[in-house]
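Here are some notes to read alongside the model. Keep the viewer open as you go.

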Amino acid sequence: MPIVAQSTETTDWVSRFADEVIEESERRAPGKPVVVASGLSPSGPIHLGNLREVMTPHLVADEVRRRGHRVRHLISWDDYDRYRKVPAGVPGVDETWSEHIGKPLTSVPAPKGSAHPNWAEHFKAAMVESLAEMGVEFDGISQTAQYTSGVYREQILHAMRHRGDIDAILGQYRTKKAPAKKQQQKPVDEAELEAAEGSGAAGEDDGSSGAAGYFPYKPYCGNCEKDFTTVTSYDDDSTELTYACTACGFSETVRLNEFNRGKLVWKVDWPMRWAYEGVIFEPSGVDHSSPGSSFQVGGQIVGIFGGEQPIGPMYAFVGISGMAKMSSSKGGVPTPGDALKIMEPQLLRWLYARRRPNQSFKIAFDQEIQRLYDEWDRLDAKVDDGSALPGDVAAHSRAVGTAGGALPRTPRPLPYRTLASVADITGGHTDQALRILSDLDPSNPLGSLDEARPRYDKAEAWINNHVPADQRTIVRAEPDAELLKSLDEQGQRSLRLLLDGLAANWSLDGLTHLVYGVPKVQAGFSADATPKELPPEIKTAQRSFFALLYHLLVGRDTGPRLPTLLLAVGQDRVRALLGE
């Protein structure tokens, strides 16, 4: 069943943009589908910084769709861009790929071992799979297919006829000195720079300016396939174009009205597409939005093609918890697929939906993911009981599904930190994991581990791939006889109180009450006494008691939450390790 549309009175950022987009679309193209757009360059792994390029228009498009309007979300795959450099850290790629620099991405071989026909398709495939899991609907457009089939031929010829006008607009910015860089409180997002560079923004190439003058078109060489070319002459009437390649020395003369092996330079290509597709909404990264950059210049050039600039909010960087910023040139940059291995799509959608585009945020691959999941589960509960604020309700609604319906979710969404602890302790033994998770609430045990999936699988993947070995939990094989022997009377009594209460409190809630209650009882208070009723030293006693238990169970000062750890170890083994 489709999710109920949000009221237009909702004050979240998505609804505000949806209002503007609907109004603007009715002004520009009444009766036609609303068009929003994203651009992605498959020049390497498409990372979580690039995902904001998709999620911002997706969320707006979905809100417009919820209100009953027809929408097209275009994703232009900039796969006809030049192969700029060999990205670091890509499996199956070595320095020999540098020989392909300058070719279209679709003419570069895929990494070794890939099942895909070329470089671009290899990196597109992973992103397409992730977007499907996240419920993102889109119309994909290959720029290789568009250019090589002649779809843009009239636009190219039009740009060549108006090259003087284009050159004059670009000239306003070429002579301007770049403003001095100010010290920033937050680092510039290299993820956005890399995404932009793949789309032609590196150096902001604005055309060929040889002895024959300015040309907004770049041929790919007919001999080496590279774009180290310069147009040496062009005739508007015959469309006869001559170019020379500095890479291999090849030159040829072609008729541009029949030639499909080249493309408009980035600062002209982007506004041309705005006009051709009738784009109403398309965001851009901070690098595209600075004075003289492609979005700003495109706002003037688009008029040459008879179009208007889209509504285009600037989006801020996306960081990774524990890392200052992302850079695909340095390798190892987390992708949406990497994130979806350790978190459900609802959580990932929520991280993009709850922040305005100009707000930066981080995605957690470290211990912070447990806190994020706790926050998400609290929001889930507030939405269910009606206590959530309207803006939070809107972000939650956009996270859990789309206009087409709810995303699949875990039937029994147990706390992520508990699932991670269980996965850590059981080391892949699913029967043990089911036993422990069933003991969390003996009155309502799990019938199958599938009830806790896919969240359990995500937590297990996080433990196995992102938690350092020295932080993993290894339960002792034998009791620590020396430590047990050294305990004073108070230490021995604390263990006795715990062991005496195990059987009657064998559940997550029961064991929580028990382990916190032992130091209270030893100090002469009731196990049910609240912190306000207790002196400060009780907290110190609790910490000392917890440290003792961790040492006896796992040989460390800390570990997973003790109630979960006790359930995982099992009653018999706990009794043995605690010296009963």
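The points below go from the whole chain down to one residue.

1. First, the ground rules: this is a predicted model, where local features need pLDDT of at least 70, side-chain atom pairs count only at pLDDT 80 or more, and totals for chains, interfaces and linings use all residues. Residues are numbered from 1 along each chain as its sequence is written, and side-chain values use heavy atoms, with hydrogens and water left out.

2. Now the overall picture. The C-alpha trace spans about 100 × 55 × 45 Å along its principal axes. The protein has 23 helices and 16 strands (DSSP runs, H or I of at least four residues for helices and E of at least two for strands, numbered from the N terminus). Of its 580 residues, 52% count as buried, meaning under 20% relative accessible area with a 1.4 Å probe, protein chains only.

3. Next, have a look at β2 (residues 71-77) and β3 (residues 139-142): these strands run parallel and are joined by four bridges (strands pair if DSSP finds at least two bridges between them). Ser76 has Ile141 in β3 as its bridge partner.

4. What sits in helix α8 (residues 266-277)? Glu277 does, and Glu277 is buried without a salt bridge (a side-chain nitrogen of Lys or Arg within 4 Å of a carboxyl oxygen of Asp or Glu). Arg72, the nearest side chain of opposite charge, is 4.2 Å away (Lys and Arg count as positive, Asp and Glu as negative; His and the chain ends are not counted).

5. Finally, leaving aside neighbours within four places in sequence, the contacts of Glu277 include Arg72, Leu74 and Ile141 (contact means heavy atoms within 4.5 Å).

How values were computed:
Buried < 20%, exposed > 50% of the residue type's maximum accessible area, 1.4 Å probe, protein only.
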